[in-house]
Amino acid sequence: MDLDLMKSRIESILFAWGEPLKLDELAKILNLKKHTVRDILNEMSQSYLCPSRGILLKQFGDTYQLKTKDSNYDQVAVLFKTNRRNSLSSSALEALSIIAYKQPVTKIEIDMIRGVKSDYILKTLLDKELIRITGKMDKPGKPSLYGTTDQFLAYFGLGSLEELPTLNIDEKLTSLEKRKDS
Amino acid sequence: MSYIIQINKFHGPFDLLFYLIETNEVNIYDIPIAEITEQYIAYLDVLQEFDMAVASEFVLMAATLIEIKSKLLLPSKEKKEDPREELVNQLLAYKLYKQGAEALQISENKESLFIGKPAEDIQIEETVSEQLSFESISAYDLLYALKGLLKKHPFEPQDDLIRIEKEEYSINDCILLISEKLQLLQRINLIDIITIHNTKSFVITVFLSILEMSRLTNIQLVQDKLFGDIYIQKA
């Protein structure tokens with residue numbers, strides 16, 4: 001295998017595609033094993049760290065994407081309209097936070113924690129492909145279980161779910177929950 | 001009006017309750033229920049004035065608070081469970097995920113500094129021509145072909161006079177002409193026929209005759225690609 005050739009091909013593919021691309025897909029296109037492609041990608045992302053480069057190779061779960069360096073944001077942003085950023089509402093972030101940390105989780109659980117109905121927000125998040133239905137709970141009514149997607153990781157710049165910011169869990173809460181469970 | 005702004009910033013009953021607990025600087029494990037309930041209901045009154053639908057979600061919490069308050073007022077002989085416990089539990093769970101939401105917002109802002117391109121709809125022309133049968137050629141395809149042609153060969157009026165031209169070509173003539181050509185060639189490019197005589201009436205007559213011939217299924221119309229040239233061939 002010609003490593004340089006593979007790197008060049010991967011770079012072309014990622015550049016042309018733009019959005020996060022699945023490792024599976026890359027492996028299929030290049031006719032290589034997934035772990036080989038992953039190794040090449042890791043090597044590539046190291047070389048992008050060079051100060052003269054303006055592009056980074058970022059990994060979000062099982063997907064990879066070329067993005068501009070954050071330190072160049074101010075210069076790149078000059079070209080964009082000011083309303084480019086379309087961030088999520090606090091309600092959406094609340095629901096997303098519950099799903100991210102507690103997944104798989106049902107709508108009822110989300111509603112219980114928030115104290116309000118979350119139907120509309122869940123629909124929006126599903127539309128944005130930040131969450132997906134991961135399965136059905138084996139209980140009467142077969143409620144849907146929600147979980148986050150690779151798109152979620154990409155949106156928040158996380159390599160994996162392990163990179164979610166840690167929460168300061170109140171010790172009293174865990175003891176309360178434990179007591180409730182027992 | 002400032003009320004609306006103030007009220008709308010609460011995303012739910014827990015959010016409001018939390019706000020009250022924080023502004024009153026009270027211990028979450030020892031909530032002065034009477035005081036908090038009173039403040040909560042005061043907010044609720046304002047809220048209901050503006051938005052009944054949203055307010056309904058806050059009413060349940062008000063009822064819960066009142067229930068807890070009344071339980072606390074009742075004298076109890078033995079030491080029972082604190083009626084506030086479940087509420088505190090829920091509040092803490094809410095606090096935890098609210099904290100998660102805030103952390104996510106920071107991540108969101110951080111990541112938005114890395115700019116990625118949205119996927120582009122890159123269309124690579126197929127080298128293998130897909131043959132569209134006549135069934136898939138609509139009247140609109142013919143219209144596009146005519147439009148393209150008229151664009152290439154505009155029929156500008158010679159002067160301001162309105163000319164009424166004699167019908168030089170009949171549909172029958174054209175059908176004969178096309179049939180003759182088809183005897184010699186496998187397929188004919190529509191443009192080649194039309195450009196034999198560069199007059200509007202001829203183009204129209206050719207179109208009408210092609211439509212007539214395809215209706216009688218004497219010919220087949222073939223298009224290699226979308227918006228491509230239309231070919232005439234024997235059926």
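In this predicted model, three strands of chain B form an open sheet in the order β1-β3-β2, with antiparallel pairing; strands are DSSP runs (E, at least two residues) and helices likewise (H or I, at least four), numbered from the N terminus. Two strands count as paired if DSSP finds at least two bridges between them. The edge positions are taken by β1 (187-189) and β2 (219-223) of chain B, each of which pairs on one side only. On average, neighbouring strands of this sheet are turned by 30° against each other, direction ignored. Strand β2(B) pairs with β3 (residues 230-234) of chain B in the antiparallel sense over 5 bridges, and Val222(B) has Tyr231(B) in β3(B) as its bridge partner. Helix α7 (residues 171-184) of chain B packs on the sheet and touches β1, β2 and β3 of chain B, its direction making about 75° with that of β3(B). Contact denotes heavy atoms within 4.5 Å; axes are lines fitted to C-alpha atoms, for helices over the stretch in contact, with angles from 0 to 180 degrees between N-to-C directions.

Residues are numbered from 1 along each chain as its sequence is written, and chains are lettered from A and ligands numbered from 1 in the order in which they are written. Local features need pLDDT of at least 70 and side-chain atom pairs count only at pLDDT 80 or more, whereas totals for chains, interfaces and linings use all residues; side-chain values use heavy atoms, with hydrogens and water left out.

Chain A comprises 9 helices and 6 strands. In helix α2 (residues 23-30) of chain A, the buried residues are Leu23(A), Leu26(A), Ala27(A) and Leu30(A). These residues lie on the same side of α2(A) because they cover an arc of only 100° around the axis, the arc being that of the directions from the helix axis to the C-beta atoms. Lys28(A) and Ile29(A), on the other side of α2(A), are exposed. The buried residues of α2(A) pack against α1 (3-17), β1 (21-22), α3 (34-48) and β3 (63-68) of chain A.

Most residues other than glycine have a negative phi, and most peptide bonds are trans. Asn31(A), in the loop between α2 and α3 of chain A, has a positive phi near 60° and is exposed at 69% relative accessibility. In chain B, Glu25(B) occupies the loop between α2 (13-23) and α3 (33-50); its phi is positive, near 50°, and its relative accessible area is 72%. The peptide bond from Gln103(A) to Pro104(A) is cis, with omega near -5°.

The largest nonpolar core contains 29 residues, of which Leu88(A), Leu96(A), Leu125(A), Phe152(A) and Phe156(A) touch the most other members. Such a core is a set of buried Ala, Val, Leu, Ile, Met, Phe, Trp, Tyr and Cys residues joined through side-chain atoms within 4.5 Å. Two or more residues each are given to this core by α5, α6 (107-114), α7 (119-127) and α8 (150-156) of chain A together with α5 (85-111) of chain B. Helix α5(A) provides the largest share, 7 residues. Apart from this core lies another, of 25 residues, among them Leu20(B), Leu47(B), Phe58(B) and Leu87(B).

Conventions:
Buried means under 20% relative accessible area, exposed over 50%, partly exposed in between (1.4 Å probe, protein chains only).
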